[in-house]
Amino acid sequence: MDSMITAAARALAAGDLLGVLNRVALREDPPALALRGIAMARLGDFARAKALLQKAARGFGPREAVARARCIVAEAEIALVSRDLGWPAKSLEAARAVLERRGDRLNAAHARHLSVRRLVLIGQLDEAEQTLAEIDPSPFPPALRAAHELVIAGIAIRRLRTQVARTALAQAARAARRSGIAALVAEVESAAALLRAPAARLIARAGTRLLLLEEVERLPATGALIVDACRNNVRTADAIVALATRPVLFALARALAEAWPGDVSRNALVARAFRAKEADESHRARLRVEIGRLRAALRGLAEISATADGFALLPHRASGIVVLAPPVEERHATLLALLADGEAWSSSGLALALGTSSRSVQRALDALAAAGRVQSFGRGPARRWVTPPVPGFPTVLLLPAPPPGS
């Protein structure tokens, strides 16, 4: 690299984005285009950044496979931050393989982190953990070490392992401060705030109260039968019955759990599970069938007994029954929770993360936009949805690599 490109790379590594643009803004050679693209990405102009990186990748010759692979990794990170989760993962894996073969292990590790973060966003935690286990973080510079610890914390939070998450976030905070990158420090602080914010509501016989994540983690140790409306399952400390694909059964289980130790009338159960205003004989017949299915699903955990008015849920060995619900329950609450991370999501990315159709997500976004809850920018495939007015770019791109000794 010539002296100007070297100086721009050093400025990028230090987070001096204006310094990068001052040095390469008027140049059209591939290294300069790549540096401009990364700088524009960090400034939030994702569309321009993507175009610059693609142009840079095309400009690198056949002997510059490493540089081209770095551009692909940078483009993948832009796709991740702009929540374009449908971006071709195979391209990122191919770029990672090139970087590893050519000895650029740090950028190869960064590519693996991007793959893991995408897997976490779409809920594939097992595969994310397997991929993360293949990474050795010991040689990482501070910025990449902070990113590594953030990924560990993100998985631990979703696994309800709060102590693991706290340890990882503490290490991420130290690494972020050593890196001197303000955006990375802010990202770690934002992630740590999740452990201090209410994670769920506990609905029990004694009343309703908000729980922190560590309290949710300790809940099974109380010996209660938990009807979990956050993950749509019924569980105790040593058994779990998943009802995520059986919404009617879960609605019945939750209604019975909220009324425990009392019963719920048949009319109330019909209204709750079938959304019928009045119960006729067909509804009552269907209710008997669904209650029978719920009995079979909960066998070993609880019994459902018929009463004069309806049905009651009776735990076998649990000390009681509680309901774990999201802190706020409203229409499209799950979609709003995803948008609450402050990033700019594509509708296809939201659909992939929620496991639903793009058409359903688009209808929900249109309804939320009409109510002023979300807003969009861009058109067509470039359209993105946000809750705050300006999307951020919290993570650190490592491309191109800083020169030796920097």
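Reader: In this predicted model, how many bridges join strand 7 to strand 8, and which way do the two strands run?

Author: Strand 7, covering residues 302–306, and strand 8, covering residues 310–315, are joined by 5 bridges and run antiparallel. The two strands form a hairpin, with 3 residues between them. Individual bridges can be followed residue by residue: Glu303 has Leu314 in strand 8 as its bridge partner, and Ala306 is partnered in strand 8 by Phe311.

Reader: What is the order of the strands in the open sheet of 3 strands?

Author: The order is 6-8-7, and the pairing is antiparallel. The edges are taken by strand 6 (264–265) and strand 7, each of which pairs on one side only.

Reader: Which strands does helix 13 touch where it packs on that sheet, and which does helix 15 touch?

Author: Helix 13, residues 247–259, touches strand 6, strand 7 and strand 8, and its direction makes about 75 degrees with that of strand 8. Helix 15, residues 281–297, packs on the sheet by touching strand 7 and strand 8, and its direction makes about 155 degrees with that of strand 7.

Reader: In what order do the 6 strands of the other open sheet lie?

Author: That sheet has the order 2-1-9-3-4-5, with mixed pairing. Its edge strands are strand 2 (207–211) and strand 5 (240–242), each pairing on one side only, and the twist from one strand to the next averages 20 degrees. Within the sheet, 3 bridges join strand 1 (residues 200–204) to strand 9 (residues 321–325), and this pair runs antiparallel. Ile203 stands opposite Val323 of strand 9.

Reader: How should I read the packing of two helices, and at what angle do the axes of helix 1 and helix 3 cross?

Author: Two packed helices are described by the angle between their axes and by the distance between those axes. Here the axes of helix 1 (residues 3–13) and helix 3 (residues 30–42) come within 10 Å and cross at roughly 20 degrees. Because angles under 35 degrees count as roughly parallel, helix 1 is described as roughly parallel to helix 3. The crossing of helix 1 and helix 3 is left-handed.

How values were computed: Residues are numbered from 1 along each chain as its sequence is written. This is a predicted model: local features need pLDDT of at least 70, side-chain atom pairs count only at pLDDT 80 or more; totals for chains, interfaces and linings use all residues. Side-chain values use heavy atoms; hydrogens and water are left out. Two strands pair if DSSP finds at least two bridges between them. Helices (H or I, at least four residues) and strands (E, at least two) are DSSP runs, numbered from the N terminus. Axes are lines fitted to C-alpha atoms, for helices over the stretch in contact, and angles run from 0 to 180 degrees between N-to-C directions. Contact means heavy atoms within 4.5 Å. Angles under 35 degrees count as roughly parallel, over 145 as roughly antiparallel, 65 to 115 as roughly perpendicular and the rest as oblique. A crossing is left-handed if the near helix is turned anticlockwise from the far one by less than a right angle, and right-handed if clockwise.
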